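Here is a short tour for a reader new to this structure. It takes helices, their packing and a few loop residues in turn.

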Amino acid sequence: MAAVSKSVIKSATGRVGVLLPGLGAVSTTFIIGVKAVLRGLGQPIGSLTQMGTIRLGKRTENRRPLIQEFVPLAKLEELHFGAWDIFPQSCYEVAKNSSVIFKELIEEVKEDIDAIRPWPAVFDNSFVKNLDGEHKKSAKSKWDLARMVGEDIDRFKQEKNLDRLVMVWCGSTEVLTQRQAVHESIAAFEKGLRENHPAIAPSMIYAYAAIKRGIPYANGAPNLTADIPALIELAKEHQTPVAGKDFKTGQTLMKTVIAPGLKSRLLGIHGWFSSNILGNRDGEVLDDPDSFKTKEESKLGVLEHILEPQVNPKLYKDLYHKVRINYYPPRGDNKESWDNIDLFGWLGYNMQLKFNFLCKDSILAAPIVLDLVLLLDFAKRAGMRGIQEWLSFFFKSPMVAEGLKPEHDLFIQQMKLKNTLRHLMGETPLTHLGLEYYD
Ligand SMILES: NC(=O)c1ccc[n+]([C@@H]2O[C@H](COP(=O)([O-])OP(=O)(O)OC[C@H]3O[C@@H](n4cnc5c(N)ncnc54)[C@H](O)[C@@H]3O)[C@@H](O)[C@H]2O)c1
């Protein structure tokens, strides 16, 4: 990310379009949440940009403004929503079927959300096998599909009289795609689009159309999507910030809280078994082994990176880590996870830690979408481009520069995010050294 100074940050005034490929449980919970907050029907709980504070200067200065007062962010009333999906139902209809938000609240915001109807999607069944719908674009080539997505964006921008846009992928998890030659450069990627290369996923087509227009992009699913040299290069060329991958909610959020704690006390771990049941459409898609593989890789990487078995072999060399996701329709969006940790302490004595999280998947994801929209829009106005590692805080599988190890520890991620805000706003980053108070 390029270094910038406060004086070059452009104003947050203006209308912002939020582009959402995938109008499912997460997208609708996010949109309804924003509308409900605007009508005074709920609080934006879980959102760093709406509720978080930031300490500035010395502890004795007592400066702790809200982040939204410190950083020039777009206002919620300036957000306008557009989406794509393979099903034609409106935001209102999808929300009613998703059973995340209470029916009474959905009815209260009905007039705000019923007009949000998805545009036909770019979809390829070989990337999401357990799902299909009729509401799709068709064209001779992936190049044409990218052009059609671009036309949707341009039309939306004009119709809603938007000043800026941000895209967040909230579509289903695609099957695991390995990086290959077609992903390595802009030229190879564009040739691949024209020649319908099978390794260009639908999610990449949306990302390409957005980044090419200088629209900031975030990926809420674990698919490779923008995490390829071609699209990162394109983002740099078009002065566009990108971030991903895979919203860090439920079980992995807890893992990245607990694992750093155990490690900081030098407690060893023999094994960590994580199991989940969930019954929403996301769970149905993840029931396909190929989509699950993408999610599994994203979930498994976390412990390895936090515990660093190669640096701490006596504590973590033999760690056995297993993740299971079980599709169980009766639970809908109410995911339940169980974790069993076999750990050991002083002289190798064994202990166990178990935790059971009964969460609401989309309720945890919605504030992340909002924060990403506002922070990516801010990053763009601050002149940032390419990978935004400081937004790792929101992701299970953070994008980082080639050769760098991703940081998964939630508290380090939070410090990095807040220090980046301090830096961009011309304040001194905090080290928490604090010796000066004892001179
Ligand atoms: N809810 C969470 O806590 C959470 C956490 C991390 C990641 N995610 C990821 O976020 C994504 C959305 O989750 P969700 O619970 O809303 O799922 P969902 O199944 O309710 O919604 C996804 C929507 O995307 C649509 N879709 C699939 N492929 C598409 C395409 N190519 N173009 C346009 N639309 C497409 C589907 O029809 C569906 O309506 C999933 O990939 C999920 O893995 C969710």
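How many of the 14 residues of α1 are buried? The count is 11, so helix α1 is mostly covered. Keep in mind that this is a predicted model.

Helix α1 runs over residues 25-38. From first C-alpha to last it reaches 20 Å, close to the 20 Å expected at 1.5 Å a residue. Its buried residues include Ala-25, Val-26, Ser-27, Thr-28 and Thr-29. Phe-30, Ile-31, Ile-32, Gly-33, Val-34 and Lys-35 are buried as well. Just after α1 comes Gly-40, with a positive phi of about 75°.

Helix α15 spans residues 361-381 and has 21 residues. Its first and last C-alpha atoms are 31 Å apart, close to the 30 Å expected at 1.5 Å a residue. Is α15 enclosed or open? It is largely enclosed by the rest of the structure, because 19 of its 21 residues are buried. Gly-383 follows α15, and its phi is positive, near 85°.

**Two helix pairs**

Two packed helices are described by the angle between their axes and the distance between the axes. The table gives both values for two pairs.

| Pair | Residues | Angle | Axis distance |
|---|---|---|---|
| α1 and α4 | 25-38 and 91-98 | about 110° | 9 Å |
| α8 and α10 | 186-194 and 229-237 | about 110° | 8 Å |

Take α1 and α4 first. These helices pack at an angle of about 110°. That angle makes α1 roughly perpendicular to α4. Their crossing is left-handed. On the α1 side, the contact is formed by Ala-25, Thr-28, Ile-31 and Ile-32. On the α4 side, Cys-91, Val-94, Ala-95 and Ser-98 meet them. By class, this contact has 6 nonpolar and 2 polar residues, with no charged residues.

An α-helix has 3.6 residues a turn, so residues three or four places apart point the same way.

Now the second pair. How do α8 and α10 lie, parallel or perpendicular? They are roughly perpendicular to each other. α8 passes α10 in a left-handed crossing. Ile-186, Ala-188 and Phe-189 are the α8 residues of the contact. They meet Ala-230, Glu-233 and Leu-234 in α10. The residues of this contact divide into 5 nonpolar, no polar and 1 charged.

**A buried loop residue**

Is Ile-200 buried or exposed? Ile-200 counts as buried, because it has 25 C-beta neighbours inside 10 Å. Which residues does Ile-200 touch, leaving aside its neighbours within four places in sequence? Its contacts are Lys-142, Val-182, Gly-192, Leu-193 and Ile-205. Arg-385 is 185 residues from Ile-200 in sequence, and their C-alpha atoms are 23 Å apart in space.

**Loop residues with positive phi**

Asn-161 has a positive phi of about 55°, although it is not a glycine. It sits in the loop between α7 (142-159) and β4 (164-169). With 10 C-beta neighbours inside 10 Å, Asn-161 counts as exposed.

Glu-308 is not a glycine, yet its phi is positive, about 45°. Its loop runs between α13 (289-307) and α14 (313-316). Glu-308 has 14 C-beta neighbours inside 10 Å and therefore counts as partly exposed.

**Two further loop sites**

Where is Lys-245 placed? Lys-245 is in the loop between β6 (241-244) and α11 (250-264). The peptide bond from Gly-244 to Lys-245 is cis, with omega near -5°.

Asn-125 lies in the loop between β3 (119-120) and α7. It counts as partly exposed, because it has 13 C-beta neighbours inside 10 Å. Asn-125 and Pro-202 are 77 residues apart in sequence, while their C-alpha atoms are 9.7 Å apart in space.

Conventions
Residues are numbered from 1 along each chain as its sequence is written. This is a predicted model: local features need pLDDT of at least 70, side-chain atom pairs count only at pLDDT 80 or more; totals for chains, interfaces and linings use all residues. Axes are lines fitted to C-alpha atoms, for helices over the stretch in contact, and angles run from 0 to 180 degrees between N-to-C directions. Helices (H or I, at least four residues) and strands (E, at least two) are DSSP runs, numbered from the N terminus. Angles under 35 degrees count as roughly parallel, over 145 as roughly antiparallel, 65 to 115 as roughly perpendicular and the rest as oblique. A crossing is left-handed if the near helix is turned anticlockwise from the far one by less than a right angle, and right-handed if clockwise. Two residues are in contact if their C-beta atoms, placed from the backbone, lie within 7 Å. Ala, Val, Leu, Ile, Met, Phe, Trp, Tyr, Cys and Pro count as nonpolar, Asp, Glu, Lys and Arg as charged, and the others, Gly among them, as polar. The expected span of a helix is 1.5 Å times one less than its number of residues. A residue is buried if 20 or more other C-beta atoms lie within 10 Å of its own, exposed if 12 or fewer, and partly exposed in between; C-beta atoms are placed from the backbone.
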